Amino acid sequence: MTRNGIFRVAGGALALAAGLLAAASPRVRAEEGPRVIVITAKRFEFSPNEITLKKGETVKLQLKSEDVTHGFFLRPLHIDTDIPAGQTAEVTVTPQEVGRYRAICDHFCGAGHGGMKMTIVVEEATGSAGGK
Ligand SMILES: [Cu+2]
């Protein structure tokens, strides 16, 4: 009984250690860099108009303008960039606070400029190997 119990505990510890190792090994190699999210800007919307990030995960936002120069401004995440006409701007961000944030175009781009915005949701990192 006691002996059996010890073996079971040892087996459990081994399985746990193996699980931790598997979870710790990076699924994406470092040289591949952060996840890239493409956001298209055109009068007067961003597409997609909502994205979800994970707290603590570094992502690269590729901001593409399909027409004129737009801005991309989100103070809490320290993002303030212009997206030159017809070009792509890149910003790297590592959100530190969970929440819903609104990014706006802060470069006047025409009549609908004032309503040009998108939502960035920051979720708690799950810490599991799940997700996509
Ligand atoms: Cu604008």
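This is a predicted model: local features need pLDDT of at least 70, side-chain atom pairs count only at pLDDT 80 or more; totals for chains, interfaces and linings use all residues.
Select residues 70-74, which form strand 5, together with strand 6; the two run antiparallel and are joined by five bridges. To find one of these contacts, pick histidine 70, whose bridge partner in strand 6 is isoleucine 83.

Now show the side chains of residues 79-83, that is, strand 6, where Ile79, Thr81 and Ile83 make up the covered face while Asp80 and Asp82 belong to the uncovered one. In a regular strand the side chains alternate between the two faces of the sheet.

**The copper ion**

Centre the view on the copper ion and display Cys105, His107, Cys109 and His113, which supply the protein donors SG, O, SG and ND1 respectively, at 1.9 to 2.7 Å from the ion. Along the chain, these donors follow the spacing C-x1-H-x1-C-x3-H. The arrangement is irregular because the angles subtended by the four donor atoms run from 80 to 126 degrees, whereas a tetrahedral assignment would need all angles to lie between 85 and 135 degrees. If you colour by accessibility, cysteine 105 counts as buried because its relative accessibility is 3%, and cysteine 109 is likewise buried, at 4%.

**Salt bridges across the chain**

Select arginine 35 and glutamate 57 first, whose side chains meet in a salt bridge with an N to O distance of 3.1 Å. Arginine 35 lies in strand 1 and glutamate 57 in the loop between strand 3 and strand 4, so the pair ties together parts that are 22 residues apart in sequence. Arginine 35 is partly exposed, at 33%, and glutamate 57 is also partly exposed, at 25%.

Go on to glutamate 50 and arginine 100, which meet in a salt bridge at 3.4 Å, N to O. Because glutamate 50 belongs to strand 3 and arginine 100 to strand 8, the pair ties together parts 50 residues apart in sequence. Glutamate 50 is partly exposed, at 37%, whereas arginine 100 is exposed, at 57%.

Finish with lysine 60 and glutamate 90, whose closest N and O atoms are 3.6 Å apart in a salt bridge. This pair links distant parts of the chain, with lysine 60 in strand 4 and glutamate 90 in strand 7, 30 residues apart.

Notes: Residues are numbered from 1 along each chain as its sequence is written. Side-chain values use heavy atoms; hydrogens and water are left out. Donors are N, O and S atoms within 2.8 Å of the metal (3.2 Å for Na, K and Ca); water is not among the atoms, so sites may look incomplete. Four donors count as tetrahedral if all angles lie between 85 and 135 degrees; four count as square planar and six as octahedral if opposite donors are over 155 degrees apart and all others between 65 and 115; anything else is irregular. Buried means under 20% relative accessible area, exposed over 50%, partly exposed in between (1.4 Å probe, protein chains only). Helices (H or I, at least four residues) and strands (E, at least two) are DSSP runs, numbered from the N terminus. Two strands pair if DSSP finds at least two bridges between them. A salt bridge is a side-chain nitrogen of Lys or Arg within 4 Å of a carboxyl oxygen of Asp or Glu.
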